[in-house]
Amino acid sequence: MSFELIVFDWDGTLMDSEAHIVDCMQRAFVELGLQPPPREAAREIIGLSLERGTRELLPGAEPEVYEALILAYRRRFLGATPNASALFAGAAEVLSTLTERGCRLAVATGKSRAGLDKALRETGLGEFFHATRCADETFSKPHPQMLFELMEELGAAAEETLMIGDTEFDMQMARNAGVAGLAVSYGVHPPERLLAHQPLDCLDAVSAIPGWLAARATSEI
């Protein structure tokens with residue numbers, strides 16, 4: 001199948017933001033006098049909404065504690081300098097290449113709208129995307145609602161849509177929405193976790209995406 005709509009996850013797929021996310025979350029816990037989660041535990045929530053992620057890290061807390069954690073995290077994340085995270089090498093070139101080929105591009109992310117807008121503004125990549133969805137606007141991954149909304153907005157059928165991401169939440173969301181998934185192994189979750197959700201493939205670099213898509217299209221002719 002040829003994919004007309006390509007939906008990217010953001011953190012761990014286009015941007016190498018793992019260290020910054022983990023640091024902000026651990027510092028948010030410390031700010032509230034709470035034991036910070038281990039680094040591995042904080043990594044595990046990348047891709048989820050902050051609301052769901054904080055509940056995973058601190059089950060059974062009062063609602064006001066989750067609210068305070070989210071606010072503390074956002075203050076640190078949104079207040080960071082523009083170079084706190086960097087795009088993976090070749091990410092901008094990949095988006096440019098796919099745009100030149102006539103693909104429609106979108107983002108489905110666990111970030112907040114404020115967080116994604118900040119990243120798009122600082123990287124200059126906003127011009128490439130026809131639509132975006134964030135976790136504070138709809139259901140969190142792996143619920144398929146983000147993909148449903150993007151496909152409806154951009155007039156793409158499920159069979160024309162490809163979801164690219166680095167976590168099993170991305171691959172689960174793709175399957176839940178009935179769309180194809182393409183995993184990348186350089187982000188948060190290891191290949192064995194990604195492959196368990198039956199993506200079409202698992203690539204080792206963002207720069208490999210255009211070639212993979214071209215080879216797949218050629219094989220279908």
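Ser112 is placed in the loop between strand S4 and helix H6, where helices (H or I, at least four residues) and strands (E, at least two) are DSSP runs numbered from the N terminus. The model is a predicted one, in which local features need pLDDT of at least 70 and side-chain atom pairs count only at pLDDT 80 or more, whereas totals for chains, interfaces and linings use all residues. Residues are numbered from 1 along each chain as its sequence is written, and side-chain values use heavy atoms, with hydrogens and water left out.

With a relative accessibility of 12%, Ser112 counts as buried, a term that denotes under 20% relative accessible area, as against over 50% for exposed and values in between for partly exposed (1.4 Å probe, protein chains only). When residues up to four places away in sequence are not counted, Ser112 touches Arg74, Cys134 and Asp136, contact being defined by heavy atoms within 4.5 Å.

Strand S4 itself, spanning residues 104-109, is mostly covered, with five of its six residues buried. Strand S1 (residues 5-8) pairs with S4 in the parallel sense over four bridges, pairing being assigned if DSSP finds at least two bridges between two strands; in this pair, Arg104 of S4 is the bridge partner of Leu5. S4 also pairs in the parallel sense with strand S5 (residues 131-134), again over four bridges, and here Ala131 of S5 is the bridge partner of Ala106. Together with helix H6 (residues 113-123), S4 and S5 make a right-handed β-α-β unit, the path from the first strand over the helix to the second running clockwise with the strands pointing away from the viewer.

Cys134, one of the residues touched by Ser112, is buried at 0% relative accessibility. The closest cysteine sulfur to that of Cys134 belongs to Cys24 and lies 17 Å away, which is too far for a bond; the structure holds zero disulfides, a disulfide being a pair of cysteine sulfur atoms within 2.5 Å. Cys202 is likewise buried, with a relative accessible area of 18%.

The domain assignment gives domain 1 (5-16 + 86-219) and domain 2 (18-79), with bounds that come from an automatic or database assignment. The C-alpha centres of the two domains lie 24 Å apart, and 19 residues of domain 1 are in contact with 13 residues of domain 2. Between them an area of about 1400 Å² is buried, of which carbon and sulfur atoms give 53%; this buried area is the accessible area (1.4 Å probe) that two parts lose on being put together, summed over both. In domain 1, Lys118, Phe169 and Val188 lose the most area to domain 2, together 33% of what that side buries.
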